[in-house]
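Please consult the sequence and the structure alongside the text.

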Amino acid sequence: MRGYSKQRDKYVSVQGRLVKLTNLSKILFPETGFTKRELIRYYQQVAPVVLPHLKDRPFTLKRYPNGVLGQRFYEKQCPHHREKWVRTAWFGGTNYCLLNDLPTLIWAANLASIELHTTLATIVDMNSPNMLVLDLDPGDGVGIDACLEVAILARASLSRMRLEALAKTSGQKGLHLYLPLNSGVSFETGREFARKLAEDLELTRPDLITSKMPKKYRAGKVYIDWHQNVDFKTTVTVYSLRANNRPTVSTPVTWAEIEHAHRSPGRARELLTFETPDVIRRIGKYGDLFSPVLTLVQKLPEMTVRKTRVAA
């Protein structure tokens, strides 16, 4: 990016677009001194791998104008003050931003949109998710070790159905499992499959797993959240920073890494916590470990659909 300054603002040319940057020295993560300049730099560095996962997906801004310890707010409606070259798409009565290119990604980062949240479907067909997601969320009294065990059980169950899953850290306490589809499956069918899988896993290990949302069921267990599989909900995108005390990232991991961490319970959290420099190094070594989510075509097995109520 090349640019010039005007008082406190800086204007940079990004792929032929002039992007205004402001308050670059503002500290967003006080514990480490991580600034908005570093936030923008990180998203610039990961753009080649994160942009394919953002392309054509309605995007919700999650903004932290005063850093992770300050007030946060969501913006589903793409701001009226957006640059004229920011693409948008209407869905469900909301005009969403589309982060389809580097200038728009830098623009969003300058708004202190620390986290990237997108839908599971693209505007090409909002009725058909390209993937399903299971959020493995540890309850009180359990940690990442329990999530690893659940992830391994879920993978084994999916393998018996000849389905391949990928994993990423949540960037917080748990893990996210993704099931690539890219086969025209409807949200209704996908959501029902995710529900059934979660409930079957709960029956297998009721001491370890719950598929029920109320917190009274979660203590000492891993909650498999399957409710995100609906068209109007967004999930944190791979390579997104998370608004924790430190600048941790939702990072794709291999199954070998999951199994190694599972065999190292005392070090599992350390082994599966990644900050921005770690992610840059991993991309240089592995490329995009999550790319199969965008390309792998998988069909769900036939099953009896039981309609479930969708909570807004």
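## Salt bridges within the chain

Arg63 and Glu75 form a salt bridge through their side chains, with an N to O distance of 2.7 Å; a salt bridge is a side-chain nitrogen of Lys or Arg within 4 Å of a carboxyl oxygen of Asp or Glu. The pair links distant parts of the chain, since Arg63 belongs to strand 6 and Glu75 to strand 7, 12 residues apart. Both Arg63 and Glu75 are buried, where buried means under 20% relative accessible area, exposed means over 50%, and partly exposed lies in between (1.4 Å probe, protein chains only). Helices (H or I, at least four residues) and strands (E, at least two) are DSSP runs, numbered from the N terminus. This is a predicted model, in which local features need pLDDT of at least 70 and side-chain atom pairs count only at pLDDT 80 or more, while totals for chains, interfaces and linings use all residues. Residues are numbered from 1 along each chain as its sequence is written, and side-chain values use heavy atoms, with hydrogens and water left out.

The structure holds 17 salt bridges. Another of them joins Asp56 and Arg87, whose closest N and O atoms are 3.8 Å apart. Asp56 lies in the loop between helix 1 and strand 6, and Arg87 in the loop between strand 7 (73–75) and strand 8, so this pair ties together parts that are 31 residues apart in sequence. Asp56 is buried because its relative accessible area is 13%, whereas Arg87, at 42%, is partly exposed. Asp56 also has a positive phi of about 65 degrees, although it is not a glycine.

## The contact between the two domains

The protein chain is divided into domain 1 (10–118) and domain 2 (131–233 + 244–273), with bounds that come from an automatic or database domain assignment. Their centres, taken over C-alpha atoms, are separated by 27 Å. In domain 1, 12 residues are in contact with 10 residues of domain 2; contact means heavy atoms within 4.5 Å. About 830 Å² is buried between the two domains, and carbon and sulfur atoms give 56% of this area. Buried area is the accessible area (1.4 Å probe) that two parts lose on being put together, summed over both. Phe29, Glu31 and Phe91 supply 44% of the area that domain 1 buries against domain 2, more than any other three residues.

How many salt bridges does the rule find across the interface of domain 1 and domain 2? The rule finds 1. The side chains of Glu31 and Arg246 meet in a salt bridge with an N to O distance of 3.6 Å. Arg246 is partly exposed because its relative accessibility is 37%.

## Buried charges without a salt bridge

Lys168, in strand 12, is buried yet has no salt bridge; Asp135, the nearest side chain of opposite charge, is 8.2 Å away. The side chain of Lys168 reaches the backbone oxygen of Val236 at 3.2 Å and makes a polar contact of 2.8 Å with the side chain of Ser250. Beyond four places in sequence, the residues that Lys168 touches include Tyr178, Thr237 and Phe290.

Asp288 is found in the loop between helix 7 (276–286) and helix 8 (292–295). Asp288 is likewise buried without a salt bridge, and the nearest side chain of opposite charge, Arg282, is 9.8 Å away. The side chains of Asp288 and His53 make a polar contact at 2.8 Å. Not counting residues up to four places away in sequence, Asp288 touches Val49, His53 and Tyr239.

Trp90 lies in strand 8 (residues 88–91) and counts as exposed because its relative accessibility is 61%. Leaving aside residues up to four places away in sequence, Trp90 touches Gln77 and Asn95.

Met161 and Arg162 are both found in the loop between helix 3 and strand 12. Met161 is partly exposed, at 31% relative accessible area, and Arg162 is exposed, at 78%. Arg162 has a positive phi of about 60 degrees, although it is not a glycine.

Definitions and conventions:
Lys and Arg count as positive and Asp and Glu as negative; His and the chain ends are not counted. A polar contact is a pair of N or O atoms within 3.5 Å; within protein, one must be able to donate a hydrogen and the other to accept it, and residues adjacent in sequence count only if both atoms are side-chain atoms.
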